[in-house]
Amino acid sequence: MDATMKPRNTDDVEKVVAWAAAEDQPLEIIGQGSKRTLGRPVQAAHVLDLSGLTGVESYEPAELVLTVKAGTPIAEVEKLVDDNGQELSFEPMDFGPLLGVTPAQGTIGGVLAANLSGPRRIKAGAARDHVLGMEAVSGRGEIFNSGGKVVKNVTGYDLPRALCGAYGTLAVATTVTLKVNPKPETSATFVLSGLDDDDGIKALCQAMGSSAEVSGAAHLPAEVNGGSSSTVLRLEGFSTSVDYRFKTLQALLGTYGTPSRLEASETGALWQTIRDVKPYAGGETPVWRLSVAPTAGPQLVASLRETFELQAYYDWSGGLVWLSCMDGSLHEAEIRAAVDAVGGGHATLVRADASQRSNVPVFHPQPAPLAALSRRLKEQFDPKGILNPGKMVSGV
């Protein structure tokens, strides 16, 4: 009989996973379910619902350290640190608008399981770079702790890095400790209008190589930006510093045209749109997330335009391409061939129906040596294969 189990604490999680391992009963691991359609459909009859594992265990603003239970809504975590003049600098994206579910429903455990990072990743690093420690239950039904509650903890293996981005296939995280940072005093966006993809990415890369300390670099072609392209660079910090760095970009990028400026409120709205892939929200067309060398993005998109109708925009100074297949087909073979042709990278299918996600590799196929290493890691953490089976790779 199918069952949904909702543990109240780590001990409950341990008991459920130990039972599942003993009985060879696969489990689908969810929080609020906001990212349930990310990855392949899970091959499990039972659901382990972590939405009851909520609450702050400790928060020391002066030490920049926060420990919370994994089922705590990310919106609550962000409000808590914001109220204390701090932020999660990896700027976790909200998949709600893109996947057609209620926005702001994700959990901190889900954010880390998917290693979700927003535009500020180019400056602050990925979500996994901000994890100090983690308590989790392995697929063997064993509780383990890794890391600690201090920023300079270097003891033992860095298991949280392995768990971040594993989509709950290695262990069930129950408590996480994060590094938080002071929130910048203000922000502004440097905007160049009317550039094509090639010039837009060239401008972004020039800015990233400057002393302007850019914390967001994106190019929005006309098709996703209301008829005129925008090449945008975010600056954050003290107001005098932001003003000075804006002038630095003016001098550096003067050949691309006269810039306009967005102040803090408009800047916040724009980068949330970029972060949450709102240009494709509310639709049903397949959406891909392509990771390539920044300068390769325009070439990749141009080659694919010769094959099928698409829309695309660029984040991470061109290194992240969000691409929508406007004809409704996946074009998996063409997209992955194009990624290989520009020097390699990763193509991840983010939005598609269950049938489509079952029939193609959702995540970019790994080279044989890396795939073998991944299998060995899975065998060590989850030898019975009961945690989110099939979520990342068919049959695993």
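1. Two strands count as paired if DSSP finds at least two bridges between them. By that rule β4 (residues 56–60) and β5 (residues 65–69) are a pair, because 4 bridges join them. The two strands run antiparallel. Please keep in mind that this is a predicted model.

2. The β4 and β5 pair is a hairpin, with 4 residues between the strands. Within the turn, L64 has a positive phi of about 60 degrees. Across the pair, Y59 stands opposite L66 in β5.

3. A separate point concerns an open sheet of 3 strands. Its order is β1-β3-β2, and the pairing is parallel. β1 (4–5) and β2 (27–30) are the edge strands, each pairing on one side only. β2 is joined to β3 (residues 46–49) by 4 bridges, and these two strands run parallel. In this pairing I29 stands opposite L48 in β3.

4. Where is E91 found? E91 sits in the loop between β6 (86–87) and α3 (96–99). Its phi is near 55 degrees, a positive value in a residue other than glycine. The relative accessible area of E91 is 9%, and the cut-off for buried is under 20%, so E91 counts as buried.

5. N388 also calls for a look at its backbone. Its phi is positive, about 45 degrees, although N388 is not a glycine. N388 lies in the segment after α13 (368–381). Is N388 buried or exposed? With a relative accessible area of 3%, N388 is buried.

6. H331 is placed in the loop between β17 (320–325) and α11 (332–341). Its relative accessible area is 14%, which puts H331 under the 20% limit and therefore among the buried residues. Which residues does H331 touch, not counting those up to four places away in sequence? The contacts are F308 and C325. For a distance across the chain, take H331 and F95: they are 236 residues apart in sequence, and their C-alpha atoms are 22 Å apart in space.

7. On the chain as a whole, the secondary structure consists of 13 helices and 18 strands. The C-alpha atoms fill a box of roughly 65 × 50 × 35 Å along the principal axes. Why can the chain be called consistent with a compact globule? For 396 residues such a globule would have a radius of gyration near 21 Å, and the chain has 21 Å, so the two agree.

8. Burial and contacts can be read together. Of the 396 residues, 52% count as buried. Taking contacts between residues at least 6 apart in sequence, 71% join residues at least 24 apart.

Terms used:
Residues are numbered from 1 along each chain as its sequence is written. This is a predicted model: local features need pLDDT of at least 70, side-chain atom pairs count only at pLDDT 80 or more; totals for chains, interfaces and linings use all residues. Side-chain values use heavy atoms; hydrogens and water are left out. The radius of gyration is taken over C-alpha atoms; the globule rule is 2.2 Å times the number of residues to the power 0.38. Buried means under 20% relative accessible area, exposed over 50%, partly exposed in between (1.4 Å probe, protein chains only). Contact means heavy atoms within 4.5 Å.
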